[in-house]
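Here is a friendly walk through one protein model, from its overall build down to a few individual side chains. Keep the structure open beside you as you read.

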Amino acid sequence: MDLDLMEDSILLDDDCNLNDLNFLGIIACSVRQTFKEELEKAVIEHRDKKNIKLKGYVPSGCSCKADLSSIWDAKNIDDFPDVAAANGFKDEFRNGFMNDLVDKGHFKYFRDEKNINKEFLEAGCIDPKGVYNMYGVSPSVILVDKKKLGDLPMPKNWGDLLDPVYKDNIIVGGTSEELSDSAVLYIYKEYGENGVKKLVKNTKSLWHPSKMSKTAGTMNQEGAAIYVMSWFFAKTCPNAEKVAIVWPEDGALINPMCMIAKESKVSEMDTLINFVMGEDLGSKLADSYFPSLNSKVDNKLPENAKFKWLGWDYIRENDMEEVRNTTNTMFIKEWHNK
């Protein structure tokens with residue numbers, strides 16, 4: 001990274017006071033450094049253009065050291081960052097946060113349909129209430145170890161993974177105490193508790209996706225025939241000739257990357273908003289297999305690739321923190337009882 005940018009950077013580190021933030025970014029580990037570097041350029045551009053020094057924070061490392069609970073638990077919009085970007089279903093979709101701030105009309109939507117890649121339009125990624133700006137996704141796909149699959153049928157969609165024929169032949173993201181992959185949320189929505197239990201019966205282990213990526217296609221007997229992981233880790237598997245990436249016919253599962261911005265700060269924070277939603281960041285995300293919604297970005301998707309989105313109605317009609325806890329508890333309990 002350019003040393004001048006590092007010297008000029010005003011991004012806060014993990015030990016700084018995080019009150020009165022202009023920008024908060026909770027970004028997937030695999031693209032966090034890229035995001036931070038591009039954000040620093042935008043912050044400096046903003047300072048030079050408007051003579052405004054911004055207070056921005058993107059946690060370093062894959063585990064956030066700072067306690068961000070006070071930010072997401074804010075009751076007053078003035079206590080929340082002007083612009084926030086987060087990934088997954090954990091932070092921005094908390095029931096309390098949605099009730100206290102999101103539903104009060106404090107945030108603004110910026111996407112126009114003509115500026116969104118058609119695959120995401122078809123998946124229903126536009127927030128009908130005009131609050132959340134999805135700018136990118138981390139798609140979950142299926143990685144198959146061709147030798148370990150043997151004579152078993154190649155899975156074609158997510159429902160196939162519930163077939164008893166794959167008993168103890170699937171590895172999903174997580175540890176023995178906690179799931180880290182949102183795939184189970186989708187299974188629970190579509191197939192209910194029974195679907196989750198079927199997936200548990202077919203699950204051999206719960207691993208970090210980096211371990212899956214390194215193990216798939218090797219002789220390691222701890223591995224399995226089928227892995228559920230992000231497209232990033234599937235594409236970076238070093239044994240490409242011995243594995244097959246299955247982009248499910250019913251769509252790769254969307255792990256959302258969404259931005260929310262205060263309507264009252266749109267003019268003041270336009271440089272940051274344009275940065276998050278823009279082509280430059282979108283292209284860099286796409287280069288790392290995090291597809292961008294920006295229509296100017298070529299995501300280099302497989303032919304006829306579709307996406308599956310959990311759905312805005314489902315998110316708003318359910319307490320997502322409760323759903324996450326329910327599915328996690330259900331899965332882990334069944335797992336330990338196997």
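pLDDT is the predictor's confidence in each residue, given from 0 to 100. That score matters here, since this is a predicted model. The protein averages a pLDDT of 91, and 93% of the residues score at least 70. Over residues 1-9, however, the pLDDT is below 50, and this stretch has 10 contacts in the model beyond near neighbours in sequence. Where pLDDT is low, the predicted coordinates should not be read in detail.

**The overall build**

The protein contains 13 helices and 11 strands. Its radius of gyration is 20 Å, close to the 20 Å that the globule rule gives for 338 residues, so the protein is as compact as a globular protein of that length. The C-alpha trace spans about 65 × 40 × 40 Å along its principal axes. Of the 338 residues, 54% are buried. Among contacts between residues at least 6 apart in sequence, 80% join residues at least 24 apart.

Which residues of helix H11 are buried? In this helix, which covers residues 279-287, they are Leu 281, Gly 282, Leu 285 and Ala 286. These residues cover an arc of only 135° around the axis, which puts them on the same side of H11. An α-helix has 3.6 residues a turn, so residues three or four places apart point the same way. The face turned away from the buried side of H11 carries the exposed residues Asp 280 and Asp 287.

What do the buried residues of H11 pack against? Their partners are helix H2 (29-50), strand E5 (133-145), strand E10 (252-261) and helix H10 (270-277). Just after H11, Tyr 289 takes a positive phi of about 70°.

H10 is mostly covered, with six of its eight residues buried. These are Thr 271, Leu 272, Ile 273, Phe 275, Val 276 and Met 277. The buried residues of H10 pack against strand E2 (23-25), H2, strand E4 (83-87), E5, E10 and H11.

**Some buried residues**

| Residue | Relative accessible area | State |
|---|---|---|
| Cys 258 | 0% | buried |
| Val 31 | 1% | buried |
| Ser 140 | 2% | buried |
| Cys 237 | 6% | buried |

Val 31 is found in helix H2. Leaving aside residues up to four places away in sequence, Val 31 touches Met 257, Leu 285, Ser 288 and Phe 290. Leu 285 is also one of the buried residues of H11. The C-alpha atoms of Val 31 and Tyr 289 are separated by 9.5 Å, although these residues are 258 residues apart along the chain.

Ser 140 has its place in strand E5. Which side chain does Ser 140 join through a polar contact of 3.1 Å? The partner is the side chain of Asn 255. Not counting residues up to four places away in sequence, Ser 140 touches Trp 158, Asp 181, Met 229, Ser 230, Ala 252, Leu 253 and Asn 255.

**Cysteines**

How many disulfides does the structure hold? There are zero. Cys 258 is in no disulfide, and the nearest cysteine sulfur, that of Cys 125, is 8.5 Å away. A disulfide would need a pair of cysteine sulfur atoms within 2.5 Å.

Definitions and conventions
Residues numbered from 1 in each chain as written. Heavy atoms only, no water. Buried < 20%, exposed > 50% of the residue type's maximum accessible area, 1.4 Å probe, protein only. Helix = DSSP H or I, 4+ residues; strand = E, 2+ residues; numbered from the N terminus. Arc of directions from axis to C-beta. Contact = heavy atoms within 4.5 Å. Polar contact = N/O pair within 3.5 Å; in protein donor to acceptor, adjacent residues only side chain to side chain. Rg over C-alpha atoms; globule rule 2.2 N^0.38 Å.
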